[in-house]
Amino acid sequence: MEVKITEKDNILTAELIGRLDTAVSQEVSTALQPLMDGADKTLVLDCKELSYISSSGLRIFLTIRKAAAAKGGKVIVRDINTEIRQVFMMTGFLNLFEIQES
């Protein structure tokens, strides 16, 4: 699992590459700390290269959403694949996040 974070025009984007499962969730959570620190901005979780998300990964997304809500920021989840969209649908995450396709 790889995480690339960039900032442009007051928007923090985290590009998630690979499988976000329990085995890497702590490492990913640490890598996404800049989003937690900048939760007053617009945060984009770019999932174009994300192939899988486990419940641990969903928990990370939820933690970022809560931080953004507390600090007045906004979270956008971009380019989820069909399998992840189904997981979001089953868990109610489609209603919690703004989902964008590029």
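Are both Phe88 and Phe93 in the class of buried or exposed residues, and which of the two words applies? Both Phe88 and Phe93 are buried, where buried means under 20% relative accessible area, exposed means over 50%, and partly exposed covers what lies in between (1.4 Å probe, protein chains only). This is a predicted model, in which local features need pLDDT of at least 70 and side-chain atom pairs count only at pLDDT 80 or more, while totals for chains, interfaces and linings use all residues. Residues are numbered from 1 along each chain as its sequence is written, and side-chain values use heavy atoms, with hydrogens and water left out.

**Aromatic pairs**

- The structure holds five aromatic pairs, a pair being rings of Phe, Tyr and Trp (its six-membered ring) whose centres lie within 6.5 Å, with planes under 30 degrees apart counted as stacked, over 60 as edge-to-face and the rest as tilted.
- One of these pairs joins Phe61 and Phe88, and it is edge-to-face because the ring centres are 6.1 Å apart and the planes stand at 85 degrees.
- Phe61 belongs to helix H3 (residues 55-71) and Phe88 to helix H4 (residues 82-91), so this pair ties together parts that are 27 residues apart in sequence; helices (H or I, at least four residues) and strands (E, at least two) are DSSP runs, numbered from the N terminus.
- Phe61 counts as buried because its relative accessibility is 0%, and Phe88 is likewise buried, with a relative accessible area of 0%.
- Phe88 also forms an edge-to-face aromatic pair with Phe93, at 5.5 Å centre to centre and with 65 degrees between the planes.
- Phe61, Phe88, Phe93 and Phe97 form one aromatic cluster.

**Helix H3**

- Helix H3 has 17 residues and reaches 24 Å from its first C-alpha to its last, close to the 24 Å expected at 1.5 Å a residue, the expected span being 1.5 Å times one less than the number of residues.
- The buried residues of H3 are Ser56, Gly57, Leu58, Ile60, Phe61, Ile64, Ala67 and Ala68.
- Just after H3, Gly72 takes a positive phi of about 85 degrees.

**Salt bridges and a charge over a ring**

- The structure holds five salt bridges, each being a side-chain nitrogen of Lys or Arg within 4 Å of a carboxyl oxygen of Asp or Glu.
- In one of them, the side chains of Lys41 and Glu7 meet at 2.7 Å, N to O.
- That pair links distant parts of the chain, 34 residues apart, with Lys41 in the loop between helix H2 (33-37) and strand E3 (42-53) and Glu7 in strand E1 (residues 2-8).
- Glu7 is partly exposed, with a relative accessible area of 47%.
- Lys74 forms a salt bridge with Glu98, the closest N and O atoms being 3.4 Å apart.
- Lys74 lies in strand E4 (residues 74-78) and Glu98 in strand E5 (residues 98-100), so the pair ties together parts that are 24 residues apart in sequence.
- Lys74 is partly exposed at 38% relative accessible area, and Glu98 is partly exposed at 32%.
- Arg19 meets Asp21 in a salt bridge between their side chains (3.9 Å, N to O), and the charged end of Arg19 sits over the ring of Tyr52, 4.2 Å from its centre; a charge sits over a ring if NZ of Lys or CZ of Arg is within 6 Å of the ring centre and within 35 degrees of the ring normal.
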